[in-house]
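Open the model in a viewer and follow the stops below in order. Each stop says what to select and what is found there.

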Amino acid sequence: MKLLSIKNESVVYRSKTKNVLAVNNVSFDIDKQDSVGIVGESGSGKSTLALALLKLLPKNADVTGEVLFEDKDLLKLSTDEFNDLRWKEISIVFQKSMNSLSPIHRIGSQMADIYTIHDGSADSDEVKGKIINLLEMVNLPTRVYTMYPHELSGGMMQRVSIALSLMHNPKLIIMDEATTALDVITQGQILNEIAELEKKLKIARIMISHDMSVVANTCRKIAVMYAGYLVEFGLVEDVILNPKHPYTKGLLKSFPPLKGEKGELRSIPGYLPDLSIPHEGCIFKDRCPQKENICLYTAPKTHIVENGRKVMCNFAGGDC
Amino acid sequence: MARYLRKRVLTGILVILVSLIINFSLIHLAPGNPINLLAGKDNPSQEMIDTLTKKYGLDKPIYVQFIHYIKTLLKGDLGYSIMSNEPVGKLILEKVGPTLLLALTSIILALVIGTALGILAARKRGSKFDIVMNGLSYLFDSTPNFWLGLMLILIFASKLKVFPTAGMVDLRTQSEGIAKVIDILWHLVLPLTTVTLIQIPYYFRIARSSVIQTMSEDFITTFRAAGMKENRIFNKYVFKNAILPTVTVFGINLAYVISGVAIIEIVFAWPGMGRLMMTAISKRDYPLLMGIYLLLSVSIAVCMIVVDVVYAIIDPRIRYD
């Protein structure tokens with residue numbers, strides 16, 4: 001059984017004047033203790049996809065498709081049923097961790113408050129002990145318990161957010177650009193800590209990032225999104241070493257390799273299409289260096305190639 | 001905390017001193033003086049004018065006069081009114097009660113009603129209630145307070161005859177005890193309504209926008225993601241965060257209302273400090289005016305200190321040192 005199985009998920013933001021198709025027919029699976037990195041440029045629908053899993057999107061967003069979490073369809077659960085599952089099964093770490101807690105309440109009391117949502121029977125000493133354990137687990141001093149968010153550095157607050165997300169031993173953690181705002185040294189430390197904790201606590205992780213190197217180093221699988229579409233999905237080593245989709249190739253060329261020859265860094269010319277206008281053919285056709293006539297009129301199907309790898313391109317080969 | 005308080009009190013005293021200097025210079029530099037009024041219009045002799053000027057010490061340079069004023073003030077003496085020859089302290093004390101009754105009651109009412117409406121509107125953002133309340137807030141915000149007072153008199157006192165037009169007590173029925181309290185409250189309704197209606201929009205808008213802003217903060221998403229109930233998120237986290245701007249506005253408004261009810265007191269013939277001040281201005285009664293200004297600046301300074309301290313208690317990000 002898959003831990004999480006996303007099937008044909010689409011998200012449309014509706015407003016009076018237009019509808020923006022932010023996530024388009026995305027499907028992929030996550031196994032237990034798996035780690036999937038979602039990459040793509042800003043506006044490609046990464047965060048929308050993740051927030052849709054936790055039903056945190058604004059009211060004007062329509063989510064369709066199926067999101068099966070241990071065979072329960074999350075989209076069909078009632079608010080109360082879903083609230084029960086939140087944090088206990090799926091938790092999230094946000095990018096702007098500096099603002100992830102109320103600035104005028106003490107960190108410990110907020111963590112305790114979140115803890116008791118799902119464990120109301122625990123007495124306050126027990127909760128405090130548990131939270132101090134959590135803080136120690138992410139290498140924070142226990143005095144953080146009585147401190148306010150503004151008294152901590154960005155890295156420390158990120159650790160608080162991670163401690164918070166681990167509170168109820170969830171099966172899946174979503175990290176939405178969780179280390180993007182940190183300097184590379186702190187980022188590296190935290191990523192190592194996350195990897196260790198994951199092994200220890202047997203957690204699966206979805207990592208949203210626009211940093212290919214972060215995903216390459218910490219995830220088992222990678223999902224490349226472009227303009228709301230999942231254009232390529234597969235094991236990190238397959239995708240990085242042998243990218244099949246022209247967009248993935250472009251993304252990889254725009255990051256410098258640490259080892260080997262110095263290649264030319266190249267950005268992908270053009271920009272994301274307007275997602276409120278229906279389009280014909282391939283979504284990437286305007287920026288694709290390999291496009292041919294078929295791409296202008298025929299929307300590419302998702303081809304499944306070796307190792308369960310998916311590529312959405314007319315020239316990917318393999319089975320559809 | 002004690003250090004912070006001491007620092008704030010010292011700044012407060014400085015503010016009062018500066019405002020005394022400015023007030024003193026302004027009223028003495030303004031054209032006209034009390035001597036002309038005292039001497040009368042019937043071609044007063046130069047000798048008489050000189051004697052009067054000397055009597056009130058107005059012949060000395062302005063800074064000497066100011067130092068003299070401060071000296072007597074430090075002895076706890078506010079001086080004597082030039083016009084009525086009564087102690088300024090006594091005159092003010094007689095009038096301060098009705099002003100405080102009107103100003104403080106209206107401030108508290110406006111704070112509670114305005115904030116409650118603002119929170120409701122924010123939680124039902126975009127609803128009919130929100131739209132109507134927003135419109136009303138702009139309407140009352142742009143209404144001159146004396147005009148609103150006159151309209152209320154016209155409608156409720158003159159036409160409908162439900163409330164009295166003016167004054168604080170009914171002079172015909174020398175009532176005592178409970179009856180007197182009811183009589184005062186009855187007279188209070190219209191002036192209080194006016195001053196309150198004028199202030200509600202401030203609290204409404206600040207509460208509304210502040211709640212809306214707080215609701216969109218990232219930490220609200222954290223609590224939602226963790227499965228916390230909306231009511232708990234609101235009561236514990238949104239409210240305390242959103243009330244901070246209201247505290248600031250409350251302080252500024254408190255000061256504004258204490259000095260600003262004067263015009264409403266005149267419209268409703270409310271026997272408060274407003275009328276006392278207007279008479280003192282027109283008669284150039286320097287000691288009385290200085291006394292009133294001193295009271296206003298002291299109350300404003302105190303309000304500011306109280307607000308700063310309350311703010312520092314609620315918001316840990318404010319440093320005490």
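In which sense do strand 1 and strand 4 of chain A pair, and over how many bridges? Keep in mind that this is a predicted model. Select residues 4-14 and 61-69 of chain A: these are strand 1 and strand 4, and they pair in the antiparallel sense over 8 bridges. For one bridge, pick Val12(A), whose partner in strand 4 is Asp62(A).

Move on to Ile283(A), in the loop between helix 9 (246-253) and helix 10 (293-297) of chain A. Is Ile283(A) buried or exposed? Ile283(A) is buried, because 24 other C-beta atoms lie within 10 Å and the cut-off for buried is 20 or more. Beyond four places in sequence, its contacts are Tyr226(A), Ala227(A), Tyr229(A) and Pro273(A). Pro273(A) is 10 residues away along the chain, with a C-alpha separation of 7.7 Å from Ile283(A).

Last, show both chains. Here 21 residues of chain A are in contact with 17 residues of chain B. On the chain B side, helix 9 (218-225) and helix 10 (230-242) each supply at least two residues, and helix 9 gives the most, with 6 residues. Coloured by class, that side of chain B has 7 nonpolar, 4 polar and 6 charged residues.

Conventions
Residues are numbered from 1 along each chain as its sequence is written. Chains are lettered from A and ligands numbered from 1 in the order in which they are written. This is a predicted model: local features need pLDDT of at least 70, side-chain atom pairs count only at pLDDT 80 or more; totals for chains, interfaces and linings use all residues. Helices (H or I, at least four residues) and strands (E, at least two) are DSSP runs, numbered from the N terminus. A residue is buried if 20 or more other C-beta atoms lie within 10 Å of its own, exposed if 12 or fewer, and partly exposed in between; C-beta atoms are placed from the backbone. Two residues are in contact if their C-beta atoms, placed from the backbone, lie within 7 Å. Ala, Val, Leu, Ile, Met, Phe, Trp, Tyr, Cys and Pro count as nonpolar, Asp, Glu, Lys and Arg as charged, and the others, Gly among them, as polar. Two strands pair if DSSP finds at least two bridges between them.
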